[in-house]
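Student: I would like to work through this protein with you. Could we take it question by question?

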Amino acid sequence: MKQPFCAPAEALRRVLDAAAQLPKPAVENAGLDEAVGRIAAAPLCARMDQPPFDRSPLDGYALHSADTAGAGEKTPKTLPVVMKLYAGDAPTAALPAGCAARIMTGAPLPAGADCILMQELTDGGEENVRIYAELSHNANVVFRGEDIAAGTLIADAGTVLTPAHLGVLAGQGFAEVPVYRPLTVGVLATGSELLAPGEDWAPGKIYDANGIQNAARLRQMGFAVQRRHCSDDPALIVAELEELLTGCDAVITSGGVSVGQKDYLPVVLESLGAEPVFSGVAQKPGSPMLAAKVEGKLVFCLSGNPFAAAATLEQYVLPALLRAAGRLEKGCILPRTKRTLTTGFSKASKGNRYLRATASGGTVAIPGEGNAEAHSSGSLSAMIGCNCLVELPAGSGPVKPGEEVEVLSFVY
């Protein structure tokens with residue numbers, strides 16, 4: 001598995017390409033009530049014009065604009081009301097010239113009418129109406145197809161379906177849509193020091209936070225998860241990985257990837273015939289991370305340090321898994337923006353460094369008020385509330401409030 005460490009951009013490119021080469025997930029139909037957050041498996045296009053007819057956007061009167069000429073508060077015009085139309089009605093006759101139709105919001109315009117006058121500019125008459133304003137042709141009319149025309153693309157294959165997409169699709173009469181089956185991801189935390197949450201604590205032991213945190217983030221992004229932990233025993237790790245690879249579409253491990261005497265993951269991957277994607281990434285935290293293919297499935301081995309695992313999960317694992325799940329690539333990559341620091345960071349950065357942070361508007365805050373200890377890879381609590389990473393390029397000095405920095409926002 002030994003290779004030169006990748007630059008971050010190269011590591012991302014490699015895992016995205018590896019994910020794109022995998023077979024697409026199976027396709028299933030999902031009802032609109034269950035489709036939010038799912039990934040469209042085919043282009044979804046409008047079946048009809050929306051609205052399907054010219055309609056009124058307000059309560060008032062449908063008129064011939066020519067009949068309103070000269071109307072005003074001091075020069076009202078009186079017209080007979082010959083029909084009344086509610087939303088859901090279908091006009092059965094054209095509106096004769098010199099007449100008005102009482103019309104409600106959403107109702108179709110009768111043939112012949114070319115404008116709508118709001119009822120506030122009338123006397124509200126039911127048999128005859130006095131109008132106090134002059135209207136132009138097509139005033140206050142919502143036209144057929146104004147929202148979306150038949151054949152228009154609503155969501156391309158690979159699009160994550162939002163409530164707005166589903167509202168448009170419902171308006172087109174869709175009852176269900178083709179979506180990709182969610183991937184199942186195995187999460188394996190390794191380390192003889194680990195206890196399962198709920199177990200009695202013992203000296204020298206710690207609870208498995210990585211497995212819980214990584215699994216929770218995956219579930220948040222729509223993946224099914226199988227989560228386990230095991231001790232630092234190569235045979236046990238191999239057995240757990242083989243079992244997870246049998247039942248999962250991809251596997252993430254944490255711990256055992258560095259150069260310690262019990263860091264067995266590189267050897268384990270070699271024993272499983274892994275095809276390397278990259279072995280190490282030139283950054284802090286998370287540099288020992290490994291990515292490989294085993295039996296045609298992606299395996300990611302992350303650091304056991306909680307923030308190192310969380311950062312590389314966001315930077316490389318989630319983009320690759322989302323790509324493998326069928327998302328368009330542009331929806332997988334962390335969006336980059338420039339933002340102004342409200343807090344600083346007191347250390348220089350010899351290599352590429354990524355700091356947890358919270359972005360809001362045009363600013364970004366690094367926790368710890370310049371205290372580098374808040375950015376220890378083992379720090380759990382400093383991650384609460386963070387929604388992005390601040391990228392400090394190799395060779396950067398300390399950064400101060402007011403400086404502009406590159407921000408990588410988490411994908412959702």
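Tutor: The questions below cover domains, sheets, side-chain contacts and backbone geometry in a predicted model.

Student: Which residues does the domain assignment give to domain 3, and which to domain 4?
Tutor: The assignment lists four domains. Domain 1 is 8–25 + 182–331, and domain 2 is 29–50 + 146–180. Domain 3 and domain 4 are given as 55–131 and 336–409.

Student: What distance separates the centres of domain 3 and domain 4?
Tutor: The centres are taken over C-alpha atoms. For domain 3 and domain 4 the separation is 61 Å.

Student: In the open sheet of five strands, which strands stand at the edges?
Tutor: Read the strand order: β6-β3-β5-β4-β7, with mixed pairing. An edge strand has a single partner, so one side of it is left without a neighbour in the sheet. That applies to β6 (115–118) and β7 (128–131).

Student: What is the average twist in that sheet?
Tutor: Take the angle from one strand to the next. In the five-strand sheet, the average is 40 degrees.

Student: What is the bridge partner of Leu85 in β5?
Tutor: Strand β4 covers residues 77–85, and β5 covers residues 100–103. The two run parallel and are joined by four bridges. Within β5, Leu85 is partnered by Ile103.

Student: In the open sheet of six strands, which are the edge strands?
Tutor: The order is β13-β10-β14-β17-β16-β15, again with mixed pairing. From one strand to the next, the twist averages 15 degrees. The strands that pair on one side only are β13 (224–230) and β15.

Student: Which residue in β17 does Val251 stand opposite?
Tutor: Strand β14 (residues 250–254) pairs with strand β17 (residues 297–302). The sense is parallel, over five bridges. Opposite Val251 is Val299.

Student: Does β18 pair with β22 in the parallel or the antiparallel sense?
Tutor: β18 spans residues 336–341, and β22 spans residues 404–409. Five bridges connect them, and Thr337 has Val407 as its bridge partner. The sense of β18 with β22 is antiparallel.

Student: And in which sense does β18 pair with β20, parallel or antiparallel?
Tutor: β20 is residues 363–365, and two bridges link it to β18. Leu341 stands opposite Val364 there. The sense of β18 with β20 is parallel.

Student: How far apart in space are Leu334 and Tyr412?
Tutor: Leu334 sits in the loop between α6 and β18. Its relative accessibility is 7%, so Leu334 counts as buried. Leu334 and Tyr412 are 78 residues apart in sequence. In space, C-alpha to C-alpha, they are 9.3 Å apart.

Student: How many aromatic pairs are there, and what is the geometry of Phe278 and Tyr316?
Tutor: The count is one aromatic pair. The ring centres of Phe278 and Tyr316 are 6.0 Å apart. Their planes meet at 70 degrees, so the pair is edge-to-face.

Student: Which parts does the Phe278 and Tyr316 pair tie together?
Tutor: Both residues are buried. They are placed in a strand and a helix, so the pair ties together parts that are 38 residues apart in sequence. Those parts are β15 (residues 275–279) and α6 (residues 306–324).

Student: What is the phi of Glu295?
Tutor: Glu295 is in the loop between β16 and β17. Its relative accessible area is 58%, so Glu295 is exposed. Its phi is positive although it is not a glycine, at about 55 degrees.

Conventions:
Residues are numbered from 1 along each chain as its sequence is written. This is a predicted model: local features need pLDDT of at least 70, side-chain atom pairs count only at pLDDT 80 or more; totals for chains, interfaces and linings use all residues. Side-chain values use heavy atoms; hydrogens and water are left out. Two strands pair if DSSP finds at least two bridges between them. Axes are lines fitted to C-alpha atoms, for helices over the stretch in contact, and angles run from 0 to 180 degrees between N-to-C directions. Domain bounds come from an automatic or database domain assignment. Rings of Phe, Tyr and Trp (its six-membered ring) pair if their centres lie within 6.5 Å; planes under 30 degrees apart count as stacked, over 60 as edge-to-face and the rest as tilted. Buried means under 20% relative accessible area, exposed over 50%, partly exposed in between (1.4 Å probe, protein chains only).
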